[in-house]
Amino acid sequence: MSMRLTPSRLSSAFAKGHAALVCFVTAGDPTAEATPAILDALVEGGADVIELGMPFTDPMADGPAIQLANLRSLAAGTKTADIFRIAADFRGRHPETPLVLMGYANPMTTRGPEWFAQECEKAGVDGVICVDIPPEEDPELGPALRSKGVSLIRLATPTTDEARLPAVLEGSSGFLYYVSVAGITGKQSAALDSIEQAMVRIKAHATIPVAVGFGVRTPEQAGPIARVADGVVVGSALIDLIAEHGANAAEPVRKLVSALADAVHSARKDVA
Amino acid sequence: MTTPTPNSFRTLPDERGHFGQFGGRYVAETLMPLILELETEYRKAKADPAFQAEFEDLLEHYVGRPSPLYFAPRLTEELAKAAQPGMGAQVWFKRDELNHTGAHKINNCIGQILLAMRMGKTRIIAETGAGQHGVATATVCARFGLPCTIFMGATDVVRQQPNVFRMKLLGAEVVPVTAGAGTLKDAMNEALRDWVANVHNTFYIIGTAAGPHPYPELVRDFQSVIGKEARAQMLSRIGRLPDVLVAAIGGGSNAIGLFHPFLDDADVKMLGVEAAGHGLDKLHAASLAGGRPGILHGNKTYLLQDEDGQILEGHSISAGLDYPGIGPEHAWLKEVGRVEYTSVTDTEALDAFQLLCRTEGIIPALEPAHAIAAVTKLAPTLPKDQIILANLCGRGDKDIFSVAEHLGVKI
């Protein structure tokens, strides 16, 4: 059983007096060797939480940009062991920045949920987002993660109604990931007023922070969302930079993250 | 894992959609409310005599059911030649290749489009491999006047041109999927992506007894017309049940449709036939023989995968069997030992394809050619008074081009 520092890295990330910037990249894209420098660039740019994608052959919930990132990573030979090595090394370099793994059920559960949870604990992974394990299938992963003190971060969507929210929140911790559009990653973005309404609905039930993602690409989009949410998730826009610049992506990634962080971190001051 | 033998093999899935450790609802949260609504609507439809009556009426007058039950005398005789004296079982076929659109797929599509309309959905999507499910879906959409988008792997679009043209004639939009190897699993990924983005108005007609609960159950129920008819036809024709049922398995919808009504008939043995492709030690699509349990496309089942849980590409000469998974009820039936599963190679299926053409004047699809290949091995080992009933789940018109190519014939 792990002893967690109180407060946890994740709760600290959402308690800085400003909204948190959550940045997603796919582990091993373009190669496992290139990923550490990209992760460092995310932290240097001002990311508050790192989401490290676990590549999967069949990323059903992802749009073309992240699908291709998954395929690039797998084509470069990325294995699950590489991902945990990347995570453990990151923890060594960045003891304060929370890192969560995001991916699909099969790679996470294929050696058994206990094995996965233990590897997460050993590597200093703070949380796990699994796209295709809804609350109904929680026994497949949730108990193992919770027993190791690793947060299970669930997703809520525009189709998650009032009646369902308590079930989604039950057993989740760290933060709730609000998928602002019914769709796949990197496609259309939601109107701000629909996000605002969703926040009101969710906040009536949630005691954990709520981060908003899907379709957020620019500082201009991220800022206004940061006024109404506890965090903003950016993924496909970073993935596009990695696709364009490959092994030299760290610098352009740092620049975009820095601009996003400025917008997200100052958003609440703008309205104050 | 030890699994106790249940009193009945026909009571699953449980209320969570599980068949033992298999099945379930492994979908993105966006789809979850819809899946739950589908289950509620399906329960109501199942209990609604008007729904059942409309389903049965369409099967009779539009699909052409019941399909015949046929004793194959010359195939039986041919296979008995290789047998010891007194051996050489009788071979019978359930003729689902005579259905409208040429395969069993239409049974399920009729059921699902009635559900879609009951739920007020105005747009239909489907995935297809060989194109048979795509054609059947496009057919029912034309019949009921609903717009239809079919996702098909780009590789399969090339392999199955005649079916692509059929779907277009029927008014469907066919979207080639270039992700991955461009085959059935990639088409299913893309259909799921479309569904997530269009949940409000779209119904996804899944073609096989797989995917998230309640699909494996409802596809099985709609396809069970095959086994119900066969059981009644056997009893009325010869006053007894068959000794062995045989069916090909990709996702496994024709097989579960034949098997399910017989599962509690203890004396009826069952054999599911997977595609061994180039051989089980090479590229193949036999998930039960060469895979292990995992989670894909909404359900837990046997999957072809590597040690990290990455999904491997299946291979079969039959595009309809070319899928790295299998319906969860088959995974369970294997685990509890009620159904035996075997596999046959591309070459064995091609031989059986030609044998049936010559002995019975029936050109089978490459999918049931796998079942027939298994029958050619099994029949000589059983006594003459035993009865093998195989599901002839599709006709071979769609396959003549690829068979010609494999036989080195230019047409």
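Helices here are DSSP runs of H or I with at least four residues, and strands are runs of E with at least two. Counted that way, chain B of this predicted model holds 16 helices and 14 strands.

Let's start with the overall form of chain B. Its C-alpha trace spans about 65 × 55 × 50 Å along the principal axes. A compact globule of 411 residues would have a radius of gyration near 22 Å, so the 20 Å of chain B agrees with that picture. Of those 411 residues, 61% count as buried. Contacts also reach across the sequence: among those in chain B between residues at least 6 apart, 74% join residues at least 24 apart.

Now zoom in on one helix, α15 of chain B, which covers residues 366–378. From first C-alpha to last, its 13 residues reach 19 Å, close to the 18 Å expected at 1.5 Å a residue. This helix is mostly covered, with eleven of the 13 residues buried; among them are B:L366, B:P368, B:H370, B:I372, B:V375 and B:L378. What do the buried residues of α15(B) pack against? Their partners in chain B are the strands β4, β9, β10, β13 and β14, together with helix α14 (346–360).

Finally, turn to where the two chains meet. The contact draws 28 residues from chain B and 32 residues from chain A. On the chain B side, the elements giving two or more residues are β2 (22–26), α1 (32–46), α8 (184–197) and β11 (292–296). Helix α8(B) gives the most, with six residues. By class, this side of chain B has 14 nonpolar, eight polar and six charged residues.

Methods:
Residues are numbered from 1 along each chain as its sequence is written. Chains are lettered from A and ligands numbered from 1 in the order in which they are written. This is a predicted model: local features need pLDDT of at least 70, side-chain atom pairs count only at pLDDT 80 or more; totals for chains, interfaces and linings use all residues. Two residues are in contact if their C-beta atoms, placed from the backbone, lie within 7 Å. Ala, Val, Leu, Ile, Met, Phe, Trp, Tyr, Cys and Pro count as nonpolar, Asp, Glu, Lys and Arg as charged, and the others, Gly among them, as polar. The radius of gyration is taken over C-alpha atoms; the globule rule is 2.2 Å times the number of residues to the power 0.38. A residue is buried if 20 or more other C-beta atoms lie within 10 Å of its own, exposed if 12 or fewer, and partly exposed in between; C-beta atoms are placed from the backbone. The expected span of a helix is 1.5 Å times one less than its number of residues.
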